[in-house]
Amino acid sequence: MPSTTLRVIDSLTAIPAPAWNALVGDAPLLSHAFLHALHETGCASPKTGWTPRYLTAWQAGTLVGAMPLYVKAHSYGEYVFDWSWADAYRRHGRRYYPKLVCAVPFTPATGPRLIAAAPTLRALLLDGALALLEEHRLSSLHILFPEAQEAAQCERAGLLVRESVQFHWTNGGFRDFDDFLATMNHAKRKNIRQERHKLAATGISFRRLVGSEIKPAHWAFFFIVTSRRTASTIRRLI
């Protein structure tokens, strides 16, 4: 294997988008555009408690591996509830934050976290991430929503594996909503119909916008709401 060098970067501007996207493949939530937008807009930035410290692997100037790492000052936006761990640290006079998190911010979706084609490169990335704990005096490493083989590799390296449950709905060939309700017993069908009737009675309606149907006013609305929530989170942390 060619010599591999690990490098920590704090901005995806250091990596050309084609090189990054060639590494992550067809994974939109790991794409250069998506992650870079999270950082540049301030959604996941040092000001909001997300400090990018991406661990990258290089061979002869070519990007061959990466971990989307963040130094976290809190546990918001992870969708993994570890407040009890933070409380246990506090009770024993130890500091839980900052911690090191490998994740896609605000995205509880399973996907690659030790991003490399070869198992040896994935092991090298994991070793590098663990070394950062000592170097920066971080409490712990958390790899959120990894793929099954990555979780197994982390367990073999001595990390604890936490099992969790997600509920996913898939269309089992239902022609319409009534077809879906027909799979339930009478009581459940009745409850769901009553809930939908109450919602309709309030006058609330839904409209799905796609692509060019989404106008600047819609983006502005979401930006303002998100900014207010972020500011509220910062006030709670302070």
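Contact here means heavy atoms within 4.5 Å. The model is predicted. The largest pocket holds about 1100 Å³ of space.

**Largest cavity**

- The largest cavity contains about 50 Å³ of space.
- Its lining includes Trp50, Gly77 and Glu78.
- A run from Ala103 through Val104, Pro105 and Phe106 to Thr107 also lines the largest cavity.
- Arg113, Leu144 and Phe145 complete the lining of the largest cavity.
- By class, that lining has 7 nonpolar, 2 polar and 2 charged residues.
- Glu78 and Arg113 belong to the lining of the largest cavity, and both residue types count as charged.
- Gly77 and Thr107 are also in that lining, and their residue types count as polar.

**Second largest cavity**

- The volume of the second largest cavity is about 30 Å³.
- Arg53, Val71, Leu100, Leu132, His136 and Leu138 line the second largest cavity.
- That lining divides into 4 nonpolar residues, 1 polar and 1 charged.
- Arg53 is one of the lining residues of the second largest cavity, and Arg counts as charged.
- His136 is another of them, and His counts as polar.

**Largest pocket**

- The largest pocket has about 1100 Å³ of space and a lining of 33 residues.
- Ile143, Leu144, Leu160, Val161 and Arg162 are the lining residues nearest the centre of the largest pocket.
- Helix H3 (83-91), helix H4 (119-136), strand E8 (141-143) and helix H5 (148-156) each give two or more residues to this lining.
- H5 gives the most, with 5 residues.
- The lining of the largest pocket divides into 21 nonpolar, 6 polar and 6 charged residues.
- Leu144 lines the largest cavity and is also among the residues nearest the centre of the largest pocket.

- Leu6 sits in strand E1, which spans residues 5-9.
- Is Leu6 buried, partly exposed or exposed?
- Leu6 is partly exposed because its relative accessible area is 31%, between the 20% limit for buried and the 50% limit for exposed.
- Beyond its neighbours within four places in sequence, Leu6 is in contact with Leu55, Thr56 and Ala57, among others.
- Leu124, Leu125 and Gly128 are also in contact with Leu6.
- Gly65 is 59 residues from Leu6 along the chain, and their C-alpha atoms are separated by 8.9 Å.

Conventions. Residues are numbered from 1 along each chain as its sequence is written. This is a predicted model: local features need pLDDT of at least 70, side-chain atom pairs count only at pLDDT 80 or more; totals for chains, interfaces and linings use all residues. Side-chain values use heavy atoms; hydrogens and water are left out. On a 1 Å grid over the protein atoms alone, a cavity is a set of points where a 1.4 Å probe fits but cannot get out, and a pocket is an open set with protein on both sides within 12 Å along at least five of seven lines; lining residues have an atom within 4 Å of a point. Grid points are joined across faces, edges and corners, and a volume is the space filled by probe spheres set on the points. Helices (H or I, at least four residues) and strands (E, at least two) are DSSP runs, numbered from the N terminus. Buried means under 20% relative accessible area, exposed over 50%, partly exposed in between (1.4 Å probe, protein chains only).
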